[in-house]
Amino acid sequence: MKTSADLVRDYLSAVEREASALPADRRQELLADLAEHIEVTRAERPDAAIGEVLAELGDPRTIAATALTEAENGAAGAPARGGATPRRGKVHPLAPLLMLTLSMPFMMVFPAAPGQLFGVLFRVIGAVLLCTSVHWTAVQKTTGVLLAAVLPSVIIAAWNLSSGGPAAGTPALLANLAMLALMAGTAAWLWRVRRA
């Protein structure tokens, strides 16, 4: 008897076979999106049979045909779900973007200990919400977390540990504003490329 993992692997292999005409990167993105959708659906509905979850996605041929049509038309967006209604996120896509972006001004306005702690918490929670959101692909999520959370944190830590460190003044303000611009730009990009 096949396990749930075997059924999922067989399903994804069938989609990959049927979508072999797609460019490799688009095919991998399609498979990653489907795998993520299966994983999230199973987490949300643990009692649902894996066959039911796969049936909701649709026939692998239909998914591949729709993806090929989208690729030929140059259409961007989510892969076909075989007629199933797309899963809606529980958190509005603006929530992680605001948390990531507002963590920096919060840290600038309240530089004392609790302000720094809340700024870091905003950044971490925003990154987690971004990573668990259904509104972006895995590549977009990774890019967003790297540019809006990891890179600013590394640069700020390096700045504070260097000789130019925590002393206030114009260089510190310019560095903070540059990080804010990077985070806001990343959030704007993520907002523009989000899925409905």
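# Notebook: a chain of helices

**Entry 1: helix H2.** I began with the buried residues of H2, which pack against helix H1 (4-18), helix H3 (50-57), helix H4 (60-73) and H7. For my own reference, contact means heavy atoms within 4.5 Å, and buried means under 20% relative accessible area, with exposed over 50% and partly exposed in between (1.4 Å probe, protein chains only). This is a predicted model, where local features need pLDDT of at least 70 and side-chain atom pairs count only at pLDDT 80 or more, while totals for chains, interfaces and linings use all residues. Residues are numbered from 1 along each chain as its sequence is written, and side-chain values use heavy atoms, with hydrogens and water left out.

Which residues of H2 are buried? I listed Arg 26, Arg 27, Leu 30, Leu 31, Asp 33, Leu 34, Glu 36, His 37, Ile 38 and Thr 41. I also checked the length of H2 (residues 24-44): its 21 residues should span 30 Å at 1.5 Å a residue, and the end C-alpha atoms are 30 Å apart, which agrees. The expected span is 1.5 Å times one less than the number of residues.

**Entry 2: the whole chain.** I found eight helices and zero strands. Helices (H or I, at least four residues) and strands (E, at least two) are DSSP runs, numbered from the N terminus. Of the 196 residues, 34% count as buried. Among contacts with a separation of 6 or more, 67% come from residues 24 or more positions apart.

**Entry 3: salt bridges.** My search of the whole structure gave six salt bridges. Each is a side-chain nitrogen of Lys or Arg within 4 Å of a carboxyl oxygen of Asp or Glu.

I looked at Glu 70 and Arg 26, whose side chains meet in a salt bridge (3.7 Å, N to O). Glu 70 lies in helix H4 and Arg 26 in helix H2, so the pair ties together parts that are 44 residues apart in sequence. Both Glu 70 and Arg 26 are buried.

Next I looked at Lys 141 and Glu 36, whose salt bridge has an N to O distance of 2.4 Å. This pair links distant parts of the chain, with Lys 141 in helix H7 and Glu 36 in helix H2, 105 residues apart. Lys 141 is buried, with a relative accessible area of 6%. I also noted one network, in which salt bridges that share partners join Arg 45, Glu 52 and Glu 56.

Then came Arg 9 and Asp 6, which meet in a salt bridge at 2.3 Å, N to O. Both lie in helix H1, three residues apart, about one turn of the helix. An α-helix has 3.6 residues a turn, so residues three or four places apart point the same way. Is Arg 9 buried or partly exposed? Arg 9 counts as partly exposed because its relative accessibility is 47%.

Entry 4: I picked Gln 140 in helix H7 (residues 138-161). Gln 140 counts as buried at 16% relative accessibility. Its side chain reaches the backbone nitrogen of Thr 137 at 3.0 Å. Leaving aside neighbours within four places in sequence, Gln 140 is in contact with Trp 189, Leu 190 and Val 193.

Thr 186 is buried, with a relative accessible area of 4%. Beyond neighbours within four places in sequence, Thr 186 is in contact with Gly 144, Leu 147 and Ala 148.

Definitions and conventions. Polar contact = N/O pair within 3.5 Å; in protein donor to acceptor, adjacent residues only side chain to side chain.
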